[in-house]
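Please refer to the sequence and structure shown below.

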Amino acid sequence: MAKAKHKSPSRHLNHMAGAMCYRLLTEIPDALYMIELTLPMVSRIIGTGLSYNDYNTNFELLELLKIPDPAPKKTEQVRQNLSQLCSIFELDERVAVLLEFILIMNINSNAKFLIDCIELPDQDHDLMLFYEHISGLDKHHIIEAMESLISKGILSADSAPQHLPWLEMSNPIQYLLTKSVVTSCEQILASFLVKSPAPAFTLSDFDYVNIDLLRRYMQKATAAQHTGINVLLYGYAGTGKTELARALASELDRQLFEIGSQVIADGKLQQKHSTKYVNSQRVQYLTTVQTLLRNSTENLLLIDECESIFQNADSSYSKDMLHQTLERNTVPAIWITNHVGCLEDSYLRRFKLVLEINSPDENKLKALTEQAVHGLNLSENAVEKIAAVKHITPAIIGNAAYVTKTVGEKRNKAESTMLEVIENTLEACGLWQNDMRYQQEIPFDVSLLNLKQPKYVIDEINHAVSQGQPVRVLLCGPPGTGKTAYAHYLTKAHDIKLKRVQCSDVLSKYVGESEQNVRQLFISAHRNKHALLLDEVDSLLTSRDRLQAQHETQLVNEILTQLECFTQPLFAATNFETALDKAVLRRFDFKLECDYLHTEQVLMLFRRVLGVSRLTQDEQQQLSTLNRLTPGDFAIIARRMKFQPKQDHRQSALQMLLDENKRKQPNPTIGFVH
């Protein structure tokens, strides 16, 4: 016989595992004859090292499974916990022994392996007879109990509910049953829920959202105790979705709980459970919480970053189960996502209310900035500069203010620190743009805008913009001819804010989100009465004949649709008109073709930028031969002069213009000279 080497009791309740396996092998007919027990197998189940003395038969090894209980009080407590769990979830107390069997299979993989090694002719039938024998329940009631536990989130299954060894028990439930004394429903809830922090804002701070509809719906629906109350808040990260949920809970006088996969309190991980399948856990926890709080009228649930839950449907759990969760939940829930394009329509239709949370306009951002930087003694100009940063959100402002206050900066140093923190954050997100505002090196002169169209076209466009009409202007031509500068000049002349849109503002790595970005840009400009400038529009409106991916075609379709619906002046600039989709041209009221400077304009700009009153004969002769220059070329000269203001740039400027003009000449045609 093998002799046991005594060790401390296993944390996996090895005595219970050995006892259950012993029952299994002795109470199922022929089970012991249909398995080849080995000493290592038995040793691993009971968690005790065994050494060989004699040859061990199945019967001898079977007896080794009956190890003395090293902690009978602990065993009894686990069984009391199982009975208490049945009581809390309104199950027949006889289900407790089945839960004990499932618990053992979850915490002792070697016991489950033993079942895998048994080769019975009708194993499912024989195992069910075993479950009936140990519980005193019939097959129908056993399956019904397992289905109930699965629906409540206590168990999850990849197979049929009657396959008890392969049912997975929720990690927090395992932890409670084996490590605690289960006394109440609240104790179980504490394993799944985290109380959301108190809101930093009131609901009135979100007046840039349709909070009136949100408030009235939640007040009426919760008062009437409707089922399926689910609200989806979506939008860019940092726009205040989570804070809005907290403010709403406070307004409704409800406690907001956040559904997570782990609980962290006092800086410590409270539930040390595996998070390999985080989304499955969150769905399971949500189901459990809904069951435990089904009679409560004082709570609200928050499921943040919910897109991953929906993306994993059908791989880790069924879509039908998620549909039922959205349709039947008794506790109102707020779901939050930064990537609404990841949610299929079948899910979106099941939310009672879907709201897009945009970043506030500059006026609101300015007010939020003033509130966040209170005590830093920033100037009004500094506050305006921060509020005007592209892609800024309330969360980024709040974080920057927190860091600045923590390091103890004031006034100009505080402004510098704020902007540095903001830049670093946006840079990490791929959203930082160095040119926070459009810069012109030389003042725009409309007389230098050489158009192939008649001059009266400029007057018509000017009149339309002055009246705030939704005029659409496409500007084509070589780089540097003044296309972008003209849009800025015209809107500034009529005191209209111009929003410059570049490719980086739109494109996203997530399928469907680029179209959402486009829609958001147009909606924001419509609400704030801003004109739009689609710079380098050929990168966004590439001809659909050249596109291969469906999402690229969908992006072009979305932009074209928004163009037709837009209510404010819109400008689009491109250096590659031929690359544009054919449908683009008919969407614009005016198409302006900008050309290179005339000789007189070249001579005038050279004198103006270099600050000389007269040109030498050689300069005049050389400049007169240049036919492919633009105001942008002279802007480069102006920039270079700033770098070395005391240097005479006259000769180097002339040489630069000669080189630039030569570079722009069309390539000569290859052929024979006649």
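Which residues lie nearest the centre of the largest cavity?

## Basis of the model

The model is predicted, with local features needing pLDDT of at least 70 and side-chain atom pairs counted only at pLDDT 80 or more, while totals for chains, interfaces and linings use all residues. Residues are numbered from 1 along each chain as its sequence is written, and side-chain values use heavy atoms, without hydrogens and water.

## The largest cavity

Gly235, Tyr236, Glu356, Gln516 and Asn517 lie nearest the centre, among 14 lining residues (lining residues have an atom within 4 Å of a point on a 1 Å grid over the protein atoms alone where a 1.4 Å probe fits but cannot get out). The volume is about 140 Å³, taken as the space filled by probe spheres set on the points, which are joined across faces, edges and corners.

Helix 24 (residues 513–528) supplies the largest share of this lining, 4 residues. Domain 2 (192–356) and domain 4 (446–593) each contribute at least three residues; these bounds come from an automatic or database domain assignment.

## The second largest cavity

The second largest cavity holds about 50 Å³ of space. Helix 24 gives the most to its lining, with 3 residues. The lining has 9 nonpolar, no polar and no charged residues, and includes Val501, Phe522 and Ile559.

## Helix 5

Glu100 is one of the buried residues.

Terms used. Buried < 20%, exposed > 50% of the residue type's maximum accessible area, 1.4 Å probe, protein only. Helix = DSSP H or I, 4+ residues; strand = E, 2+ residues; numbered from the N terminus. 1 Å grid on protein atoms, 1.4 Å probe; cavity = no way out; pocket = protein on both sides within 12 Å on 5 of 7 lines; lining within 4 Å. Nonpolar A, V, L, I, M, F, W, Y, C, P; charged D, E, K, R; others polar.
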